[in-house]
Amino acid sequence: MGWFSLLTAETAHVLQVTAPRRVEQLLQQQIDSHCESVSEMLSAVTAHAAKTILVTNSQAGWVELSGNSYAPQLLESLRVANIDVVSSQALFAEESDCPFEWKSRCFAELASEFAAQHPAQPLQIVSIGDGEFERAAAESCLIELSEIG
C-alpha cells in the first residue's frame, strides 16, 4: 500500500490546490534565475561585439512567444542589447529537412554579410546550443570562412 492510499479526501483536495501553485512558484524561481544568468552573459557578449544575432532552429516567432509567456525579462534583455533573432528553420526548411544544414547555412550567410559590412572587424561566433549539431554548424562555418579568407 503506497502513501497515496492514506490520503483522505480533504488532504487530497488541499494537495491538488496547493501543489501546482507551489510547483509553479518553484519553476518560476528557476526560470528567473536562469534568465538573470543569460542576461548577464548577453551583456558581456554584446559589450565587445559590433553586432550580436541569436540564431535559432525553432520556428520564426518562437523565441518571442515563449519569452512573453515564461521569460519577459529575457526578451527585454534582447531588446536592450539590440540582439536580432533569426530563425534558420524559417530561412532554410523549404530547401532541407536537416536542422544542422539550416543552422550551418544561416551561420555562413550571416557571417558573409557581417564580413562584407565590417571588413576590418574580426568575426566571432559563440555557439551556446543544446545539441552537438549546434557546435558542429558553428565549426563548419568557421572552417569555411578560414578557407575563403
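## Stop one: a pair of charges

Start by selecting aspartate 84, which counts as partly exposed at 36% relative accessibility. Keep in mind as you go that this is a predicted model. Aspartate 84 and lysine 51 form a salt bridge, and their closest N and O atoms are 3.1 Å apart. Aspartate 84 sits in strand E2 and lysine 51 in the loop between H1 and strand E1 (53-56), so the bridge ties together parts that are 33 residues apart in sequence.

The structure holds 6 salt bridges, so let's visit a couple of others. Select glutamate 134 in helix H6 and lysine 103 in helix H5, which are 31 residues apart. Their closest N and O atoms are 2.5 Å apart. Are these two buried or exposed? Glutamate 134 is buried, with a relative accessible area of 10%, and lysine 103 is buried too, at 3%.

Next, pick glutamate 95 and arginine 105, a salt bridge with its closest N and O atoms 2.6 Å apart. Glutamate 95 is exposed, at 53% relative accessible area, while arginine 105 counts as partly exposed at 31%.

## Into the core

Now go for the largest nonpolar core, with 12 residues in all, among them Val55, Phe92, Trp102, Phe107 and Ala138. Helix H5 (99-117) and helix H6 (132-148) are the elements that give two or more residues to this core. The largest share, 6 residues, comes from H5. Zoom in on alanine 138: leaving aside residues up to four places away in sequence, it touches Phe107, Ile125 and Ser127.

## Back out to the surface

Select Val38, Met41, Val126 and Ile128 to see a nonpolar patch on the surface, with about 340 Å² of accessible area together. Valine 126 is in the loop between H5 and H6, and it is exposed at 55% relative accessible area.

One more residue: asparagine 82, in the loop between helix H3 (72-80) and strand E2 (84-87). Asparagine 82 has a positive phi of about 60° although it is not a glycine. Most residues other than glycine have a negative phi.

## Last stop: confidence

Color by pLDDT to finish. The chain averages 81, and 85% of the residues score at least 70. Over residues 1-11 the pLDDT is below 50.

Technical notes
Residues numbered from 1 in each chain as written. Predicted model: local features only at pLDDT ≥ 70, side-chain atom pairs only at ≥ 80, totals over all residues. Heavy atoms only, no water. Core = buried A, V, L, I, M, F, W, Y, C linked by side-chain atoms within 4.5 Å. Buried < 20%, exposed > 50% of the residue type's maximum accessible area, 1.4 Å probe, protein only. Helix = DSSP H or I, 4+ residues; strand = E, 2+ residues; numbered from the N terminus. Contact = heavy atoms within 4.5 Å. Patch = residues over 30% accessible without salt bridge, like charges linked within 9 Å, V, L, I, M, F, W, Y side chains within 5 Å. Areas by Shrake-Rupley, 256 points an atom, 1.4 Å probe, with all protein chains shown as cover. Salt bridge = Lys/Arg side-chain N within 4 Å of Asp/Glu carboxyl O. pLDDT = per-residue confidence, 0-100.
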